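Here is a short briefing for a reader new to this structure. Look over the sequence and the model first, then read on.

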Amino acid sequence: MSATDPVLLSESKEIQDRFSEMIAETLSSVFRSYSDDSAFSGIDPYELRDKVGELGFLPENGRGFEQVLKDTEKVILPHMLRTWSTKYMPHLHSPVLTETICSELIISCFNDSMDSWDQGPAATELEVSMIRGLAGLFGYVPDTSDGCFTSGGSQSNISAIIAARDWYCMERFGWDVKMNGLPPEYGKLRVYTSEISHFSMDKASHILGMGYSAVRKIPVDSKCRIDLKEFERMLKEDVDAGLYPYCAVATFGTTDFGSIDDAKGMRELCDRYGMHLHGDAAYGSGLIMSRRYRDRLSAISLCDSITIDFHKMFLLPISCSAILMKDGERLKCFELHADYLNREEDEEDGYINLVGKSMQTTRRFDALKVFMAFQTRGVEGFSRIIDTAVGNASYFFDRISSDDAFIAPVEPELSSVVFALDMGDDVNKRVRRMLLSEGTVIGQTVKDGRVMLKFTLLNPNLTHDMIDSIIARIKELGVQARC
């Protein structure tokens, strides 16, 4: 290791200067690693695997920052996905706002943790402030609601379902799950969600000890939204069979189709059966910033809890999510005091320890990314970003819907469009691979047993001309793939 590589930051001017050089050198390496607008180098996976394997694992003696950065620039950086490219559109995996890259540097430099106040004083206070602001933004009463930042949508959804189960067991059976474990009736508890909802609902039921069979999948209509009549029928059928419906999930933006469930209708059924209604808005929560499309989220405040992902439509770096709980008391299922961490006497004196609201102990200061982005862009800036994404999806859908070469089964409500060339499954698979080799990355899924392609249009730099160009290229490749 070079003697010029500082071990830690400090008040030393010499170390600060060298660290500044390291950051500048790193940025130069990033910028040198690409020279066009492609999203991917197109390298074969076996070739890339060999190149990465040749880098080695753990040398006896350190090789120094300069040499390691050179190797990284040569082998790793050219073959990373360039999420800022307008040719990257397969997943809910966004480009990131420039100010939030800077916020990540701050977060890493200080390395504060969000479990106890004395591990992140300003960080704790800012997260509490941001959660209150988010509660108001999504239609909750800040004084009675609560929430915390999480590692992603899966953790937010799992946290909500745990809270729903514990609340229901106390309300229905007078049973304290946190103290006594699962109640005798646990095998009859049921959660309801769309048949095309996120798999984290199944994962939650597994973690909760009830298994996948406790997750009832509700059929969807032609617009890929929950069929309310089927939901009502399933609830009645299950209650008549002696089962206990405790939670339902309204999805505000399904992963493939971006469809938004009727939360108002679901709320009425949940009230009738005494259930918790969770809103999985991991994808669609960004609509809250849109002046044009915000009304599509108008029913979200009817949910008892909400999942928000900032690393999707908000364009923040992975990972950054939050859970909001309308009745903040339901988050107390995660509360536990430890003498070394979150002493009760400290909390009585005003020191907030956030570990009692989260499944995690150590957490990153992700609230800073949201704060810096919100303050930098404001409502107007975010509205332009969201409106562009949703508008691009509508434009693309309109274009291919009027083209006999394509199938487009579901009109988008967000920024995802599922479609296919009307040339068979094999052609569509080959077209996606051919695009990948050219540096354009799109998605693939299945609808009604047919292989479909998918655009997830999150990049605000994407123009209609660019969309027209890729439509033309897909048709050209389709002809080639069919031959």
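**The sheet and its surroundings**

Seven strands form an open sheet in the order β2-β8-β7-β6-β5-β3-β4, with mixed pairing. β2 (146-150) and β4 (215-218) stand at the edges with a single partner strand each, so one side of each has no neighbour in the sheet. From one strand to the next, the twist averages 20°.

This is a predicted model: local features need pLDDT of at least 70, side-chain atom pairs count only at pLDDT 80 or more, and totals for chains, interfaces and linings use all residues. Residues are numbered from 1 along each chain as its sequence is written, and side-chain values use heavy atoms, with hydrogens and water left out.

**Terms**
- Helices (H or I, at least four residues) and strands (E, at least two) are DSSP runs, numbered from the N terminus.
- Two strands pair if DSSP finds at least two bridges between them.

**Strands β5 and β6**
- β5 (residues 244-251) pairs with β6 (residues 276-281) in the parallel sense, over five bridges.
- Cys-247 stands opposite His-276 in β6.

**Helices on the sheet**
- Helix α6 (residues 153-173) packs on the sheet and touches β2, β3 (189-194), β5, β6, β7 (305-309) and β8 (321-325).
- The direction of α6 makes about 150° with that of β5; axes are lines fitted to C-alpha atoms, for helices over the stretch in contact, and angles run from 0 to 180 degrees between N-to-C directions.
- Helix α10 (residues 263-273) also packs on the sheet, touching β5 and β6, and its direction makes about 170° with that of β5.

**Thr-83**
- Thr-83 lies in the loop between α3 (65-76) and β1 (88-89).
- Beyond its neighbours within four places in sequence, Thr-83 is in contact (heavy atoms within 4.5 Å) with Tyr-88, His-93, Ser-94, Pro-95 and Asn-459.
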